[in-house]
Amino acid sequence: MTTLTHDKIEKELLHFSVARYSLLNNKGELVSVLPESVSGDQQALKAYKTMVLGRAFDKKAIALQRTGKIGTYPSVLGQEAISTAVGMALDKEDIFTPYYRDLTAQYLRGVSLKEMLLYWGGSEQGSNYKNCPKDFPICIPIATQFCHAAGAAISLKVQGIHQAALVTGGDGATSKGDFLETLNLAGAWQLPLVIVVNNNQWAISTPRSVQCAAETIAQKAIGAGIEGVVVDGNDYFAVSFAIKEALSKAYSGKGATLIEAVTYRLGDHTTADDADRYRDPKELKQAWRNEPIKRFRQYLFNKKLWNDDKERALIKDVAEEIDKAVAAYLSEPKLKPESMFEFLFETLPNSLLDQYAEVKYQSYTSSTVAGKEGV
Amino acid sequence: MQQFKLPDLGEGLQEAEVIEWLVKEGDQVKTDQLLVLVETAKAVVELPSPIDAKISKLCASVGDMVHIGEPLVEYEGDEYKKKSPSSNQSVSVVGELQTSDDVNLDENFIAGSSTSVNTIERKLNTTSQNSVYAPPSIIAFAKKLGVEQELKQSFFGDLTHKDLIKIFEEKYQLDKGGDAKQADFDNKLIKLTGAKKVMAQTMSKSWQQVPAVTLFDDADISGWGIKDDITLRLLQALIKACKANPLFNAWFDEENLTIQTFKDINIGVAVNIDDGLYVPVIKKAQDLTNKEVKHQLSSLIEQVKTKKIPPQKFLGATISLSNFGTLSGRYATPIVVPPQVAIVGVGKIREEAVVRDNSVVIGRILPISLSFDHRAASGADASAFLEEFIAEVQQ
Amino acid sequence: MSQSNNNPLELNLIESVNLALNRAMMTHQEMVILGEDVGVNGGVFRATEGLRDKYGIKRVMDTPLAETLIAGVTVGMAVQGLRPVAEIQFMGFIFAAMEQLVTHASRMRNRTRGRLNCPMVVRAPYGGGIHAPEHHSESIEALFAHIPGLRVVIPSSPVRAYGLLLSAIKSNDPVIFLEPKRIYRLSKSRVIDNGEGLPLDTCFILREGKDMTLVSWGAMITETMQAADTLAGKGIQCDVIDLASISPIDKTTIINSVKKTGRCCIIHEAARNCGVGAEIAATVSEYAFPYLKVPVSRICGYDTIMPYFKNEQAYLPSIDKIVETVMASLVTEKESTHATV
């Protein structure tokens with residue numbers, strides 16, 4: 001607390017702070033001792049393999065969109081570390097509330113690559129997760145998922161379950177009311193909630209500098225009375241550590257944390273966007289130097305945990321896994337149109353039976369029966 | 001009186017012994033506050049209160065065995081307690097709520113419909129006695145499904161989409177159907193369901209509506225090869241005969257007195273399996289190669305047998321073929337199913353003495369019965385059709 | 001778990017709501033209540049009075065002033081195993097909540113093919129006639145009725161409020177429960193706290209008659225019933241139907257009534273254009289056309305912004321207007337049968 005005089009008025013300045021740190025620099029060197037929670041070699045290898053898979057699947061998905069096999073798809077290029085750290089840190093009994101750029105997190109939670117393709121390919125079956133039945137589905141309306149996660153956290157607290165809810169969102173989402181209201185509640189009600197913001201610098205064409213005047217997004221936590229942390233989002237270890245700390249805190253009832261993971265969106269917003277229209281190519285080139293997979297690979301090489309042979313084998317395995325998933329997706333039978341009625345309410349009301357009948361038998365009426373139209 | 005009963009403690013345990021009470025009668029307890037310690041066969045368990053309330057009674061003593069579902073504790077009355085009569089003031093943070101001393105006391109109302117439609121006697125604003133009202137969307141749907149007749153017969157056109165679907169399912173044998181198998185010779189009441197029910201209804205209607213005449217004749221099929229597929233040859237002959245006599249590949253509209261002939265020849269082929277008669281349709285037979293006809297026929301029969309046939313396979317026949325003579329029977333009067341105008345039936349092939357080139361030889365004879373709707377065609381027309389058919393079959 | 005109480009209580013509508021909430025909290029251990037001022041204060045209309053004391057802070061939660069958040073956490077809680085009943089203080093404040101209700105509550109079941117769903121209720125006092133400032137008099141049930149996957153329920157009496165709210169809470173679908181605040185305290189009925197719900201998707205027939213079908217809901221039922229009395233005095237007997245379930249609608253009861261009477265008039269205080277009355281009129285026309293002696297008529301609020309309360313009475317449909325319109329229907333019919341073509 002310092003005092004200043006300005007026009008003869010004595011003021012006391014109140015100080016608040018957020019922490020910022022990184023553990024692995026962009027050359028693959030550790031800048032600090034690795035904390036115990038992220039120091040295991042097995043964990044590192046699993047994380048690396050997942051990131052590589054994520055990038056390869058991402059590339060495949062874009063190709064599928066370009067060939068008309070799936071619809072609009074949002075690339076995760078350059079943001080693999082954040083998503084993987086989320087997926088690795090969460091406990092099975094925690095609740096995950098994704099947005100739409102959480103590829104490897106969802107993969108680690110148990111969402112299959114086929115389910116992801118089904119979702120982006122336009123089928124509701126893609127949100128019917130077989131392996132993580134309690135997770136929320138991909139959320140398209142921006143920032144609305146934050147409130148759901150708060151609700152999930154309340155639900156855990158009311159039922160006395162010592163787990164946490166974790167929610168992700170982009171930098172753009174932090175401007176919306178849903179985000180700010182959730183932050184506020186997380187503090188006011190001391191919710192077991194971890195909020196991870198993927199600050200990839202872009203909300204479609206809106207750069208971070210236009211989105212908010214605060215120096216960091218993490219400091220919005222101060223306004224809510226909770227802890228805020230900024231980490232290098234390209235540094236798997238830092239993101240992982242921050243999330244694990246936050247989860248621990250939530251489990252023990254000590255409240256919520258806002259983690260801002262700073263990275264760069266190396267791809268377009270989605271396959272329907274062309275970032276070249278609004279981005280400086282020099283900036284993009286510079287950002288590639290910081291990308292998460294290259295530095296992690298270097299770290300593994302340095303530690304003699306990885307080599308070229310293993311890399312080749314991984315690429316082959318990953319390609320096989322993806323191809324299998326794509327084949328399964330392409331051969332999946334289309335949902336019947338009448339299924340649009342079957343999950344509307346718990347039981348279909350009488351007033352809708354007629355509409356249901358009409359749709360259910362559209363396939364039978366497509367060939368003409370009555371004489372007028374010929375045979 | 002609200003009670004807290006011994007909950008299911010899991011692991012198949014059915015009862016527990018009360019070890020120690022942590023509260024007493026008259027205590028005001030809060031949610032989650034521990035009430036009692038009980039011991040099961042496996043462990044000592046602490047039971048918390050599910051609600052905030054006042055304990056009015058402890059229902060078991062230390063040492064008692066309590067079964068799951070039996071009350072442990074009674075809370076002071078859950079009767080609704082009204083707070084101070086704030087109803088005299090229009091309590092609201094904004095505005096005023098009107099109050100009155102009106103007491104409606106007993107509300108009388110019925111949930112849902114109180115009158116049944118069938119007992120309503122109403123004079124409708126219909127323009128004619130014969131036309132029936134149904135919303136346009138229902139009429140269009142009925143047309144699409146081919147169940148317009150049923151719509152006309154219903155009470156004041158009261159059918160809706162969901163009713164039409166049921167009728168459609170029945171008509172095209174889409175419901176599961178019942179079992180009409182007769183295992184024993186006994187007095188048995190068999191209720192017709194599924195395909196058998198449909199057959200009964202269709203035949204009845206056809207018989208009533210169509211003034212049918214049948215022409216009988218024989219074809220000498222001695223020239224057939226041993227391996228010739230009977231059905232395939234019959235189909236080929238039918239196609240040829242239809243092409244030469246388009247009047248028989250047509251639909252008759254009795255209301256408008258019109259005959260609609262068709263370019264496409266869609267042949268309904270009668271298939272008889274255990275649970276009934278089915279007539280799937282080979283569409284556009286005129287465009288198919290022999291191989292394709294064969295393939296379609298066998299796949300349709302397979303689908304009928306495995307009950308995997310989609311309903312549209314039964315729609316749109318322009319003429320039908322019935323090979324009934326596998327066991328016995330020469331000639332028949334097969335029933336014309338409107339709006340078709342003809343059906344060809346073939347009976348059992350027999351060896352018979354025939355005259356050829358002025359000598360008597362043994363020939364293979366195929367009996368043929370052609371039934372036709374005499375409103376659409378004459379005996380002469382039928383004769384010409386039959387001649388063409390026989391000529392092709394005898395090739 | 002608790003035994004029901006079979007002694008009838010004389011309660012008004014808001015007290016019945018409170019009774020139902022209390023009963024439901026006992027029946028459903030997973031039920032929680034949340035909203036602004038619902039806990040300590042018992043709700044600005046006292047709907048949740050006494051519940052905080054009885055069920056504690058974990059189950060009756062005072063939220064910050066944030067309608068988007070209220071709706072959003074309600075969705076989140078419902079998906080993850082609770083049965084939340086949220087209160088939006090006035091329907092006029094529900095707009096901020098609509099995104100969560102429309103894009104999530106109504107869709108969660110369909111989106112996940114039944115894997116997740118939202119068993120939740122959002123309650124809000126609605127409607128005009130209480131001399132309140134701007135935005136405290138909205139009737140926008142049509143906006144919600146238009147959303148597939150949402151149920152909209154509006155009670156019109158203490159007994160029906162009790163039974164319908166219990167069913168709404170028990171339902172595993174999201175329900176918007178709009179309470180007509182003008183009649184919150186207007187009259188009392190005998191309500192039995194037996195925990196029995198009334199069916200959703202069902203209309204209630206409050207009065208039977210062969211001359212005219214009157215369809216209404218909410219506070220307008222009061223005026224409609226009074227109009228029916230007046231008309232009875234003139235020898236005109238009306239079927240009065242309380243729609244109650246605004247969406248999905250019980251078409252059958254209405255159509256059957258119109259088949260009997262041949263005339264239909266829909267009364268609602270919400271604005272005319274694209275109001276729920278339009279849906280009912282179209283349905284009656286489609287399914288009961290030949291039974292109609294005169295076209296279906298609607299008596300509604302005007303297509304204007306609801307005036308501030310000094311002019312409120314000019315906006316809301318009145319008993320006189322209902323009586324006049326019904327009488328006019330009969331006159332129209334006589335004229336049409338006598339018209340020469």
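Where in chain B is the place of Leu257(B)? Leu257(B) sits in the loop between strand S12 (250-253) and strand S13 (258-261) of chain B, where helices (H or I, at least four residues) and strands (E, at least two) are DSSP runs numbered from the N terminus. This is a predicted model, in which local features need pLDDT of at least 70 and side-chain atom pairs count only at pLDDT 80 or more, while totals for chains, interfaces and linings use all residues. Residues are numbered from 1 along each chain as its sequence is written, and chains are lettered from A and ligands numbered from 1 in the order in which they are written.

**Backbone angles**

- Most residues other than glycine have a negative phi, and most peptide bonds are trans.
- Leu257(B), which is not a glycine, has a positive phi near 55°, and with 9 C-beta neighbours inside 10 Å it counts as exposed; a residue is buried if 20 or more other C-beta atoms lie within 10 Å of its own, exposed if 12 or fewer, and partly exposed in between, with C-beta atoms placed from the backbone.
- Lys304(A), also a residue other than glycine, has a positive phi near 60°; Lys304(A) lies in the loop between helix H11 (292-302) and helix H12 (308-330) of chain A, and is exposed, with 7 other C-beta atoms within 10 Å.

**Cis peptide bonds**

- In chain B, Pro338(B) and Pro339(B) are joined by a cis peptide bond with omega about 5°, and Pro339(B) belongs to the loop between strand S18 (319-323) and strand S19 (342-346).
- In chain C, the peptide bond from Ser247(C) to Pro248(C) is cis, with omega near -10°, and Pro248(C) is placed in the loop between strand S12 (245-247) and helix H9 (251-261).

**Chain B as a whole**

- Chain B has 7 helices and 21 strands, and 29% of its 395 residues count as buried.
- Among the contacts in chain B with a separation of 6 or more, 58% are between residues 24 or more positions apart, a contact being two residues whose C-beta atoms, placed from the backbone, lie within 7 Å.

**A sheet with strands from chains B and C**

- An open sheet of 6 strands runs in the order S10(B)-S9(C)-S11(C)-S10(C)-S13(C)-S14(C), with mixed pairing, two strands being paired if DSSP finds at least two bridges between them.
- Strand S10 (110-111) of chain B and strand S14 (297-301) of chain C stand at the edges, each with a single partner strand, so one side of each is left without a neighbour in the sheet.
- S10(B) and strand S9 (residues 204-207) of chain C run antiparallel and are joined by 2 bridges, and Ile110(B) has Ile205(C) as its bridge partner in S9(C).
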